[in-house]
Amino acid sequence: MDLFDRLLTEFHASLAKVRNLQDLEAVRTQFLSRKGLLAESRKGFSFQTASPDERKEFGASFNDAKAAMEEAIEKRKGDLERTERRSQIREVDITLPGERPARGSLHPLTIVQSFIEDIFASLGFRVAEGFEIENDYYNFIALNIPEDHPAREMQDTFWLDNGMILRTHTSACQVRMMEQVKPPFRFIFPGRCFRYETIDASHENTFYQLEGLMVDRNVTVAHLIAVMKGLLSRVFGRDVMVRLRPGYFPFVEPGFELDIQCLICGGPGCSTCKHSGWVELLPCGMVHPNVLRFGGIDPDEWTGFAFGLGLTRLVMMRYGISDIRVLNSGDLRVMKQFAPSL
Ligand code: PHE
């Protein structure tokens, strides 16, 4: 039918001129609305005089034309929307500040550990690490704690199925290192330790210690005390009250407990210091001759001191954290407070 061919030609010509969605909408209205050109085409056809076949043909052509127009408009619409989206992307202002990616921060324990490592490095100590999974020999026997020794009761131990244990203290590093290096030497061994503890505000089954070991000729208690005092004043950035008590550990003789006055409550007592005003911070002593012998070192020629700094406890003191559980909680809201900007 000429009529519809003409209409379609006209339609495609108009469509070709469309530049945006508004243009397209105008074309749609022009041709397809209730009073549009297509609808108007009906007026030129006399339904009364036409034969049924003619009516049928007209109707079919009308529908074909309508469908062709609608399809062309939909397709053009899709194209236009795509280009529009693309042009919007290009309009992004690249000079605007971007979104800040989330930044990690160091765990307070890591901060304190590296701080202490630096202090000991300046005193000629080297940093080494042992194993978290240890055997009975290095964790106990070589430290002068034979089987059935009551001291084993002091440290409730996690035993593994294969007979190994999770080390209960970093002292397990002592004899391992003695086997490898000849004195004189100075080492610190920071690391994670495990004890079968019921967890509360001041007990964890997983905690950190920092072991120190110095072996040389004529090392005495005076050296031990000097190093400990120097360390603590640098850690806390002020003078802290300390007290020394005799302490028993099978691998040192004499052995001491070095306590500091609780920095959280300042003395009156709180949950961290178990209401005593003092916090056990640093067990230490002179390396027992038997331990030196286990390490292949002659105790008549060499002496040494050792200490086991409770790193986790020190972190709590340093930052005023009163609940030990926070440190292993992985709670970033807590962790981030200690190193807001790395
Ligand atoms: N290893 C002991 C403990 O964890 C601490 C300690 C270390 C004591 C070194 C004396 C010397 O309890």
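The model is a predicted one, in which local features need pLDDT of at least 70 and side-chain atom pairs count only at pLDDT 80 or more, whereas totals for chains, interfaces and linings use all residues. Residues are numbered from 1 along each chain as its sequence is written, and side-chain values rest on heavy atoms, with hydrogens and water left out.

The side chain of Arg 192 meets that of Glu 132 in a salt bridge, with an N to O distance of 3.3 Å; a salt bridge here is a side-chain nitrogen of Lys or Arg within 4 Å of a carboxyl oxygen of Asp or Glu. This pair links distant parts of the chain, since Arg 192 belongs to strand β4 (residues 185–194) while Glu 132 sits in the loop between β1 (126–127) and β2 (133–134), 60 residues apart. Strands (E, at least two residues) and helices (H or I, at least four) are DSSP runs, numbered from the N terminus. Glu 132 likewise counts as partly exposed, at 32% relative accessibility.

Strand β4 itself is mostly covered, with eight of its ten residues buried. It runs parallel to β1, to which two bridges join it, and two strands are taken to pair if DSSP finds at least two bridges between them. Within this pairing, Phe 187 of β4 is the bridge partner of Arg 126. Strand β5 (residues 206–216) runs antiparallel to β4, and ten bridges join these two strands; Phe 194 stands opposite Thr 206 of β5. In a regular strand the side chains alternate between the two faces of the sheet.

The salt bridges can also be followed into other parts of the chain, and by the rule given above their count comes to 13. One of them connects Arg 82 with Asp 79, whose closest N and O atoms are 2.9 Å apart. Both residues lie in helix α4 (residues 52–90), three residues apart, which is about one turn of the helix. Arg 82 is partly exposed at 42% relative accessibility, and Asp 79 is partly exposed as well, with a relative accessible area of 26%. Another salt bridge brings together the side chains of Lys 43 and Glu 40, at 3.0 Å from N to O; here Lys 43 is exposed, at 67%, whereas Glu 40 is partly exposed, at 32%.

On the scale of the whole protein, the domain assignment gives domain 1 (2–88) and domain 2 (108–336), these bounds coming from an automatic or database assignment. The C-alpha centres of the two domains lie 87 Å apart.

The ligand is surrounded by 14 residues, the closest being His 169, Ser 171, Arg 195, Gln 209 and Gly 308, where a residue is counted if one of its heavy atoms lies within 4 Å of the ligand. A nitrogen atom of the ligand is 2.9 Å from an N or O atom in the side chain of His 169, and a ligand nitrogen is 2.7 Å from an N or O atom in the side chain of Ser 171. For Gln 209, a polar side-chain atom lies 2.8 Å from an oxygen atom of the ligand. Of the 330 Å² of accessible area that the ligand has on its own, the protein covers 95%, with areas computed by the Shrake-Rupley method and a 1.4 Å probe.

Definitions and conventions:
Buried means under 20% relative accessible area, exposed over 50%, partly exposed in between (1.4 Å probe, protein chains only). A polar contact is a pair of N or O atoms within 3.5 Å; within protein, one must be able to donate a hydrogen and the other to accept it, and residues adjacent in sequence count only if both atoms are side-chain atoms.
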